[in-house]
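Please look through the sequence and the structure that follow, and then read the report below with both at hand.

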Amino acid sequence: MLNIRAWLPAGGGLRDEDWTRRHRLLTLILAGCVGGLTVFGAWRDELGDPLTLALLFLTLACVVAGRFFDGRRLSSSFVSLGFTVACADFVVMCHGQTEAHFTFFISVAALALYRDWAPFGMVLVATTAHHALFGVFDAEATYGHHSAQQHPLFWAVLHGVAVLFAAAFQVVAWRLTETEEARAKASLDKSQAQLSAAFDETPVPMAMISPEGVLLRTNTAYRSWLRLPDELPAGFRVADLPISPLDVKGSALAELVAAPDDAVLTRQYRRDDDGSIIWVEVHSTGVRDAHGNLEMVFVHCLDVTDSRRHEEELRHQVRHDALTGLLSRPGFESDLAELLAPGGEPVCVLYLDVDRFKSINDGLGHVAGDELLRALAARLAATVPAGSLVARLGGDEFVVALAGSVDAGCQVGREILAAFTEPLPLSSGHMQIAISVGMALGRSPEQAEDTVLAADTAMYAAKRAGGNRLQVFSDELRVAVKERIAAEARLRAALAGDREAALPVWFQPIVNTATGRIVGAEALVRMFTPEGNLLGPGHFIPAAEETGLIVALGEHVLRLAVRHLMAWTNQLPYISVNVSPRQLAEPDFVPMVAAVLAENPGLDPSRVVLEITETALLGSAVDVREKLESIKRLGVRVALDDFGTGYSSLTWLQSVPADVVKLDRSFVAGLAADSRKSSIISAVLWLARSLNMTVVAEGVEDPEDWKALQAADCPSCQGYLFGRPLPASEFELMLPFPETARPRQLAG
């Protein structure tokens, strides 16, 4: 028995809204039955029967009671009774016809919707009572066949059992439904528990928000993050949160509500309590009903303040130079493209470079060099007009961009030069610097790169002109740039191909001043183009110097010159080879010279003379004396070329470990007619002899100048009077010379 009771449905398991909806439906059906019975009775002319009318009014009374009485069981019992009375009235109107009794089975099925024992029991009891009582008192109105009329109680029981069996299946269905609901509820409770654990215990701030902005539910992390109380007031809204949006993009909630799918928003807010700024990344998922209507928005929030600050720092690092705080190259290029907006003013770009900064940096040290650059950047930023772009592109190269005409740019350039006439303050004192400035004009974003390149070109032109000046880019410079680019391309091709054929070495004789006999030769490189044209060094040496190709070119000239020297062992005492300052600055230069000598074991190293210009030594950033001493330790001799063209004095020779001094042609030309030049040459010769150096006079073209050099007892001469540079095959024909060879006047 206990097992049966445990198995029976509990009843009353419907939610209020579901029960109310079912009760309203059944009450309306019962009211419809009253109307239907009235029409049916009028059609059958049965409304004159007092019993019929009494049952009809009783049904109507049940409708009213079911509508207005409170309480589930009382109101549902009236409806249940009303259905039984309506069925009885229908049977009476049909004079007990068997088919009319089917309505009782229909009412049983209908009233099972209540899923409650009170109305369900009411229909079972009332149905059985109707068949028993009406069968006894008015058998003909209750049963439409003779057997039932004779034995009304038996048929009442029979009908009751039939109704009971019909009800039994409803009870089974009812019980099975409750079981399924219990299982579904258990599963739902489990899911709810899991959701609650995941929602409430997760460290990620989460909230459920209605489309109207009411916070339906928040987790602990959300309340802790926004410093909210554990219990929020009823109707607490997003607008009540203690943060204020700083973005002007519109309401974040409105965007989330309007989003058709999941959305991600990143917004900036200010906390109301301490004024701090936070960045919030909101991930939202809309929860919708079966009709697609939004019921709520589920959000989880990530405080990305630290990552945004880190990103901003990284962007700042990318856009700004770490040493000076000015714009970096990427930042400048980006802003310059914006400044060169179509339809706007032209933009002047000024390219700055510190004259001889490498010497300063190497002389004072990199720490002092960095301090100098910071001081330079500060003064530069303070000098240019407000709104100008100021950047450090690298090393000692700076660039300024500002909107305006050429005249405006030139004015700023002159102000920059004037600003650096005053020494820069350093921790160790003050440092005077000079800068070279190049300027170019750009008019569109497409010209940004070309404009900077043009300003760079103009800056190098200013540097070649002596530095500490402003040079505006012009068409002449453009042509020069194109020529240098072409020269660089030719030189690269020549170095990558057959070097000996494309870059032959020619030789110019150096003679004994007294006898005119060849005592040496200077190796001079030439270039053959693919078209067969011969180019002098002026067509490619400047490009080689600027690009660094002079290092490979210089090594090629030295190797080829030494090879010819070995071939002319008994005919030519020595060969001199020019060395670029760029070569001298290379850390591998001395090892390269040593390797060339080692490849020619039979060569006397003193027969190789390396020529280094005086001006190159003055501007070189390397330790000149140390490099020259290393070269001399190899046995190679050193010549000081173009002496007298720089800022040195005669006493400067004492600090340079040279073996040969080559007097510049400017002292030789017109020597016979200029007594002052004779005095200078005599002084140089006297000092050179006292320092165990020999002297070579360059650029001798006039016989009278040669005689003057003989009178001054100058040891050696070089110039067109004795021979122009010749290919090795032609120069070889001049060897050996007789003891009393005369000077030659070569054609051309």
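Predicted model: local features only at pLDDT ≥ 70, side-chain atom pairs only at ≥ 80, totals over all residues.

Is D641 buried or exposed? With a relative accessible area of 5%, D641 is buried, because buried means under 20% relative accessible area. The C-alpha atoms of D641 and V579 are separated by 9.8 Å, although the two residues are 62 residues apart along the chain.

S716 lies in strand 23, which spans residues 716-717, and S716 is buried, with a relative accessible area of 11%. Which residues does S716 touch, once its neighbours within four places in sequence are left aside? S716 is in contact with I510, V511, T513, V519, V695, V696 and A697.

### Two loop residues with positive phi

The next two residues are found in loops. N468 belongs to the loop between helix 17 (448-464) and strand 13 (470-472), and the phi angle of N468 is near 55°, a positive value in a residue other than glycine. N468 is partly exposed, since its relative accessible area is 46%. D713, for its part, is placed in the loop between helix 28 (703-711) and strand 23, and D713 has a positive phi of about 65° although it is not a glycine. The relative accessibility of D713 is 54%, so D713 counts as exposed, given that exposed means over 50% relative accessible area.

Counted by class, the contact of helix 2 with helix 4 has twelve nonpolar, six polar and four charged residues.

Helix 3 (residues 50-68) also packs against helix 4, with axes that come within 8 Å and cross at roughly 160°. That angle makes helix 3 roughly antiparallel to helix 4, because angles over 145 degrees count as roughly antiparallel. Helix 3 passes helix 4 in a left-handed crossing. The contact involves residues of helix 3 such as L51, L55, L56, L58, C62 and A65, together with residues of helix 4 that include F78, V79, L81, V85, A88 and V92. By class, this contact of helix 3 with helix 4 has 14 nonpolar, five polar and one charged residues.

How do helix 2 and helix 3 pack, and at what angle? The axes of helix 2 and helix 3 are 10 Å apart, and the angle between them is about 160°, which makes helix 2 roughly antiparallel to helix 3. The crossing of helix 2 and helix 3 is left-handed. Among the residues that make the contact are H23, T27, L30, A31 and V34 of helix 2 and L56, T59, L60, C62 and V63 of helix 3. By class, the contact of helix 2 with helix 3 has eight nonpolar, five polar and one charged residues.

| helix 2 and helix 4 | twelve nonpolar | six polar | four charged |

### The chain as a whole

The secondary structure of the chain comes to 29 helices and 24 strands, and of its 748 residues, 44% count as buried. Among contacts between residues at least 6 apart in sequence, 64% join residues at least 24 apart. The accessible surface of the chain comes to about 37,600 Å², of which 58% belongs to carbon and sulfur atoms.

Terms used
Residues numbered from 1 in each chain as written. Heavy atoms only, no water. Helix = DSSP H or I, 4+ residues; strand = E, 2+ residues; numbered from the N terminus. Buried < 20%, exposed > 50% of the residue type's maximum accessible area, 1.4 Å probe, protein only. Contact = heavy atoms within 4.5 Å. Areas by Shrake-Rupley, 256 points an atom, 1.4 Å probe, with all protein chains shown as cover. Nonpolar A, V, L, I, M, F, W, Y, C, P; charged D, E, K, R; others polar. Axes fitted to C-alpha atoms, helices over the stretch in contact; angles between N-to-C directions. Parallel < 35°, antiparallel > 145°, perpendicular 65-115°, else oblique. Left-handed = near helix turned anticlockwise from the far one by under 90°.
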